[in-house]
Amino acid sequence: MLYAFLCYNNEDAVFSWSQAEDDAVMAKLAEVHKPLSEAGRFGPAVRLMPTTAATTLRKDSDPPLVLDGPFAETKEQLLGFYVIECEDLEAALDVAKDLAKANPGGSYEVRPLKLFLPGSLKA
């Protein structure tokens, strides 16, 4: 089963990290990523730009309304996500715990994927 790991945190705090602080967190996360990747379980991972770069399409109007910003009703913002293959929810929560040890603050929402289309986009 594939699980999405949605990474939430306070973006003001995260984007205020010095380059050295950010590099240290990314190095700790790389230690968690490596065994997952070597086991063929690590899918796409994305780090999003700040919410100031977001645009929202509100589907509840006709025509849909396009707004600057994310307009999320939360104190934490979605900063990125992983797709990781896990045997079950318990195994997925183990991965989330490892990620949490490497990345301070915020939370990980763990959600099974119903549909996965990897596409052919290259970074």
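Which residues have the most contacts inside the largest nonpolar core? Select Phe-5, Tyr-82, Leu-99 and Tyr-108: those are the ones, in a core of 17 residues. A nonpolar core here is a set of buried Ala, Val, Leu, Ile, Met, Phe, Trp, Tyr and Cys residues joined through side-chain atoms within 4.5 Å; buried means under 20% relative accessible area, exposed over 50%, partly exposed in between, using a 1.4 Å probe and protein chains only.

Before you click on, note that this is a predicted model, where local features need pLDDT of at least 70 and side-chain atom pairs count only at pLDDT 80 or more, while totals for chains, interfaces and linings use all residues. Numbering runs from 1 along each chain as its sequence is written, and side-chain values use heavy atoms, with hydrogens and water left out.

H3 gives the most, with 5. Elements are DSSP runs numbered from the N terminus: helices are H or I with at least four residues, strands E with at least two.

**Zoom to Tyr-108**

Skip its neighbours within four places in sequence, and Tyr-108 is in contact with Phe-5, Leu-6, Cys-7, Leu-29, Tyr-82, Ala-96, Leu-99, Ala-100 and Asn-103. Contact means heavy atoms within 4.5 Å.

**Hop to Ala-96**

Ala-96 is found in helix H3 and is buried, at 10% relative accessible area. Not counting residues up to four places away in sequence, Ala-96 touches Phe-5, Tyr-108 and Val-110. Now draw a distance to Asp-62, 34 residues apart along the chain: the two C-alpha atoms are separated by 39 Å.

**Open the largest pocket**

A pocket is an open set of points on a 1 Å grid over the protein atoms alone, where a 1.4 Å probe fits, with protein on both sides within 12 Å along at least five of seven lines; lining residues have an atom within 4 Å of a point. The largest one is lined by 20 residues, with Cys-7, Leu-29, Arg-47, Tyr-82 and Asn-103 nearest its centre. S1, H2, strand S2 (42-47), S5 and S6 each supply at least two lining residues.

**Last stop: the cysteines**

How many disulfides does a search of the whole structure find? The count is 0, a disulfide being a pair of cysteine sulfur atoms within 2.5 Å. For Cys-7, the nearest cysteine sulfur is that of Cys-86, 13 Å away. Cys-7 is buried at 12% relative accessible area, and Cys-86 is buried at 2%.
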